[in-house]
Amino acid sequence: MHLIFIGFIALFPVINPLGSAFIVSPYFSGLNRQERLNAIKRISLYAFSICLFTLIIGHWILQLFGITIPIIQLAGGILICKTGWEFLSPQKQDPTEVIPTDAQYLSHELENKLFFPITFPITTGAGTIAVLFTLSAHGASKNISQYLINNSAIMIAVSALCVLVFICYLNANRLIQYLGSQREKIINSIMAFLIFCVGLQIAVEGITQLILQIIKALHQAN
């Protein structure tokens, strides 16, 4: 239950289903309800596949490069804190950014954009991968059954977020009309603070484990 909660809280701001729904909404312009439904199903499946693949190979990549779990917890915790801080900090609008129009993005043109850039990096980007690497290290265990249980817990959190992605993307237009920009900023700020706290907690755990390992090594040397 702890890993499910931590996984959900850590991944929510970087996946950001609500905020991403506002971003991807122009890509669905000109689609009818069924076309939008089919496209969003594929986006949700792509997002789940990216998260699953990253979570499965994450632990093995750490072993391949000889990176210890406390180090990845510390580095990953710092990255998560950085993500939370960036969400909390005011962001400047790029004046050169061009918002897609209805005429530019028809159904057949959207087909090639479902994975890139809509799924990656808008829905699941580098921040999501960094968090999953950290969660993989956070849930690592020498006991195989415990390792599988931990990964299953994280994947439950991932599945819940993919469902939220599906719901938010499908109802993006309604969300825009109902929430408005001000309420969106409030929700994002609250979640950004939570992700900053989660990142700090993971980083502190990494530091604690490093200190314990150093003490143990000194004790064995003596």
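Let me begin with conventions. The model is predicted, so local features need pLDDT of at least 70 and side-chain atom pairs count only at pLDDT 80 or more, while totals for chains, interfaces and linings use all residues. Residues are numbered from 1 along each chain as its sequence is written, and side-chain values use heavy atoms, with hydrogens and water left out.

I turn to the overall fold. The protein chain contains nine helices and zero strands, where helices (H or I, at least four residues) and strands (E, at least two) are DSSP runs numbered from the N terminus. Along the sequence the pattern reads α-α-α-α-α-α-α-α-α. Of the 222 residues, 42% count as buried; buried means under 20% relative accessible area, exposed over 50%, and partly exposed in between, with a 1.4 Å probe and protein chains only. Among contacts in the chain with a separation of 6 or more, 91% join residues 24 or more positions apart, a contact being heavy atoms within 4.5 Å.

Next, the annotation. An unreviewed UniProt entry places the feature "transmembrane region" at residues 6–31, 43–61, 114–135, 147–170 and 190–215. Those positions are in the numbering used here, feature names are shortened, and annotations may be inferred rather than shown by experiment. In the model, residues 147–170 are 100% helix and 0% strand, with end C-alpha atoms 34 Å apart. Residues 6–31 are 69% helix and 0% strand, and there the end C-alpha atoms are 36 Å apart.

Which residues touch the most other members of the largest nonpolar core? They are Leu11, Phe28, Leu110, Val131, Val158 and Tyr169, in a core of 41 residues. At least two core residues come from each of H1 (2–15), H2 (17–24), H3 (33–64), H6 (114–123), H7 (126–138), H8 (144–170) and H9 (172–221). H8 gives the most, with nine residues. By definition, such a core is a set of buried Ala, Val, Leu, Ile, Met, Phe, Trp, Tyr and Cys residues joined through side-chain atoms within 4.5 Å. Val158 touches Leu11, Phe48, Cys51 and Leu132, leaving aside residues up to four places away in sequence.

I now consider H2, in which seven of eight residues are buried. The buried residues of H2 are Pro17, Leu18, Gly19, Ser20, Ala21, Phe22 and Val24.

H2 packs against H8 at an angle of about 40°, with the axes 9 Å apart. Here axes are lines fitted to C-alpha atoms, for helices over the stretch in contact, and angles run from 0 to 180 degrees between N-to-C directions. The crossing of H2 and H8 is right-handed; a crossing is left-handed if the near helix is turned anticlockwise from the far one by less than a right angle, and right-handed if clockwise. H2 contributes Pro17, Leu18, Ser20, Ala21 and Val24 to the contact, and H8 contributes Leu161, Leu164, Val165, Cys168 and Tyr169. By class, these residues are nine nonpolar, one polar and no charged. Ala, Val, Leu, Ile, Met, Phe, Trp, Tyr, Cys and Pro count as nonpolar, Asp, Glu, Lys and Arg as charged, and the others, Gly among them, as polar.

With H6, H2 packs at an angle of about 145°, the axes being 11 Å apart. This crossing of H2 and H6 is right-handed. The contact involves Ser20, Ile23 and Val24 of H2 together with Ile118, Ile122 and Thr123 of H6. The residues of the contact of H2 with H6 are four nonpolar, two polar and no charged.

Some individual residues deserve mention. In H6 lies Pro117, and the peptide bond from Phe116 to Pro117 is cis, with omega near 10°. Thr119 is also found in helix H6. Is Thr119 buried or exposed? Thr119 counts as buried because its relative accessible area is 0%. Thr119 touches Ile43, Tyr46, Ala47, Ile50, Leu114 and Thr124, again not counting residues up to four places away in sequence.

Asn16 sits in the loop between H1 and H2. Its phi is near 50°, a positive value in a residue other than glycine, and Asn16 is buried at 10% relative accessibility.

Finally, Phe12 belongs to helix H1 and is buried at 13% relative accessibility. The C-alpha atoms of Phe12 and Thr128 are separated by 9.1 Å, although these residues are 116 residues apart along the chain.
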